[in-house]
Amino acid sequence: MELLAFDPSFFVDELTAGLTLGAVYALIALGYTMIYGILKLLNFAHGDVYMIGAYIGYFVLTGLGGPLAPRVPLVPLILLMFLVAMVGCGLLGVVIERFAYRPLRNAPRIAPLITALGISFFLESSAQLLFGAQIRSYDTFDLHNSVLFVKGIHTTVHGVRIDLSLVRIIVILSAVVLMLALTVLVRKTALGKAMRATSYDREAAAMMGIDVDRVIVATFFIASALAGAAGVMVGLVFQQVSNFMGFQAGLKAFTAAVVGGIGNVPGAMLGGFAVGLAESFAEGYWSSTFKDAIVFGLLIAFMLLRPTGLLGTPAIQKV
Amino acid sequence: MKSRAGIVLLLAAGVAVVSAAVAVAATDGSRAQQHATASAAASCKSPHIGMSAPITGPAGSIGSDQLHWAQYYVATWNKAHPTFHVTLDQFDDQLDPAKAATGAQSFASNSKDLAVIGPAGSQQVIAASPIYKRAGLAFLTGSATRVDLTDGHLRGFFFRPVPNDSVQGPTDVTYALKHLGVARNDHVMLVDDSEAYATGLRDIMKPKFEAAGVKVDTESIAQTDTDFTAIVNKTANDKVVFLLFQVASQAQLFAQQMKEKGRTAIVFGSDGTFDSSKFSVNGSYVSFFAPDVTNVKTSARTVNGFYKKFGHSTTPFGAPNYVVAQIEINAIFKACKDGKVSRAEVRKLIPKTSLKTTVLGVPVRFSRNGDVIGGKFFIFKIVNGKYVYVGS
């Protein structure tokens, strides 16, 4: 173990790396937490929905000429990639809910949990069958002479070097915008109120005239759309897409959701950034070999010491 | 009373852990069934050889090229020897040790298979070797270069016509010291991909640099990683960053992320990153265990024949498998002189191989432990996306 002497520029480098990762984890974790909040289901297929989102973004990019000769300007191109991936993944989430989870809604909880794992493997293998086993690359480094990676904030403030490329700014800002939009939706809209009511007590919500099925479908759509956005973000910044990418990201996002307090929307955001920063600082200040051990150690620690997470509240049991 | 939510969470974590454990356990395969596979069905009328390669997956482009070169030799042989038709049985191990063990099991159980080409990676060789050894099968790799594979424990079973990392490590270190300006008290970074091949190479290079007074930082990644930012952030003082990877596209990402951060260290990839279609960042270096076959003048006809059959594209990972197929099939042919053949007979004949020249432009003879005698590594510099030979 080698601890480096404190260098503020290095700290800022690791901070920006952690925020980028955290933004992605937070978006996926939001999906976990929303679905858990509504159905008390841990949707282990959620990571693979994110993988499909990354593929959709890739096909939009290549369909519009690819990174070397894009047929549309940069901003509409990126917006289009986000839009198509979010809608595509949203619809995929709805299909998964309708055919895999709804028939099991009243089954013992282990049944949908196992089904979620099955859907995860199904999506992974289907992606291999449909898109091939080779790694696909967004090659965004080649897009408009590397503008996404070369431009951005490159400055020195009080002797501290700050390098934040345009692509990372896009990732962090879009994640924050999506999270704010979700917060507004959950807190200020009728759908949000219905989602909160369904989450609190599904039967009572139904008795109050809320169309619970519609709320669940909307939840799956939104959660999966956020995963799709996260997939495009990863494609833009880390470029590579493969059918295996969803499993590990899904587990990390699950960790983020638990750390934040599963079922709690602000908790998932906080957990996502906490896990991203923990991973980045562990890798930077300690050892790249143990970064996953540290992240999953965090999961175990929270499960043992604070199972409700940072912002979760203990469930009240009526006995 | 425990909360129900807590129980479900614990259950979920349990399911996650169990599924991970199942995946790991698969590595062990079903090796218990391996005893004494009979080679009675092996026949000189229709001899088979097996091939375990990563035909799909992250190294799919390399594996399919390796398969094509082996297929090319088999097709060439069959055309020239219509009465001695050889069949190539293939298995896609996806560069996964667990799958390589499964592939070994299937070849071991198929009594028609007399020898095996592959596996391609050192960690797959480690996983599959006990199975091949128990089945009495010779297996030759065209690309696994970890040193201890030929420390004697696989003597008579495992061979490779390419040099090992005890040649690569010193070649790379010497090149960095002599030509890349690395001097005493300079810093270099060795990044491995946590696999047997890469950690073995790291363990060879680190003491050599330290003996020259160079300060070495070591880092590890996983073969599925795409975000190297946290490691890249540490390269500010490094003169050279060595990427000991097996997935060339990861080297590309690493080098690009260095550029994104404005890092100026020279990137130097090991043989696993040798793929100009995937790793092409200008000014980087790559070492490789074979010359680029497309530049070997005496092999022009063979290469053109390959292009005709499989399209105008190949990687230097491919051609060594042509040589491996050549060695195995010739050994089987010799064994069949008396009309009978067994795995043991093929195993005895392979070490006697002596090819004065090969498609690689170099001779092939084996040491007692199965290494090629006199093999060397070649260093290439990436110039405008092309690999230019700069030394050895």
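Reader: What distance separates the centres of domain 1 of chain B and domain 2 of chain B, taken over C-alpha atoms?
Author: The two centres are 29 Å apart. This is a predicted model, in which local features need pLDDT of at least 70, side-chain atom pairs count only at pLDDT 80 or more, and totals for chains, interfaces and linings use all residues. Residues are numbered from 1 along each chain as its sequence is written, while chains are lettered from A and ligands numbered from 1 in the order in which they are written.

Reader: What makes up domain 1 and domain 2 of chain B?
Author: Domain 1 comprises 48–162 + 295–365, and domain 2 comprises 165–288. These bounds come from an automatic or database domain assignment. The contact between them takes 16 residues from domain 1 of chain B and 16 residues from domain 2 of chain B; two residues are in contact if their C-beta atoms, placed from the backbone, lie within 7 Å.

Reader: Which elements give two or more residues to the side of domain 1 of chain B that touches domain 2 of chain B?
Author: They are helix 2 (60–80) and helix 4 (122–135) of chain B. Helix 4 of chain B gives the most, with three residues. Helices (H or I, at least four residues) and strands (E, at least two) are DSSP runs, numbered from the N terminus.

Reader: Why does B:Val362 count as buried?
Author: A residue is buried if 20 or more other C-beta atoms, placed from the backbone, lie within 10 Å of its own, exposed if 12 or fewer, and partly exposed in between. B:Val362 has 20 C-beta neighbours inside 10 Å and therefore counts as buried. B:Val362 belongs to the loop between strand 11 (354–355) and strand 12 (364–365) of chain B. Its C-alpha atom is separated by 9.8 Å from that of B:Lys376, 14 residues apart along the chain. In chain B, buried residues make up 56% of the 392 residues.

Reader: What makes strand 13 of chain B and strand 14 of chain B a pair?
Author: Two strands pair if DSSP finds at least two bridges between them. Strand 13 and strand 14 (residues 386–391) of chain B have five bridges, in the antiparallel sense, and therefore meet that criterion. B:Ile379 stands opposite B:Gly391 in strand 14 of chain B. In the hairpin of these strands, with two residues between them, B:Asn384 takes a positive phi near 50°. Strand 13 (residues 378–383) of chain B also pairs with strand 10 (residues 285–288) of chain B, antiparallel over four bridges; there B:Ile379 is the bridge partner of B:Ser287.

Reader: Why do strand 2 and strand 5 of chain B stand at the edges?
Author: Five strands of chain B form an open sheet in the order 2-1-3-4-5, with parallel pairing. Strand 2 (87–92) and strand 5 (158–159) of chain B each have a single partner strand, so one side of each is left without a neighbour in the sheet.
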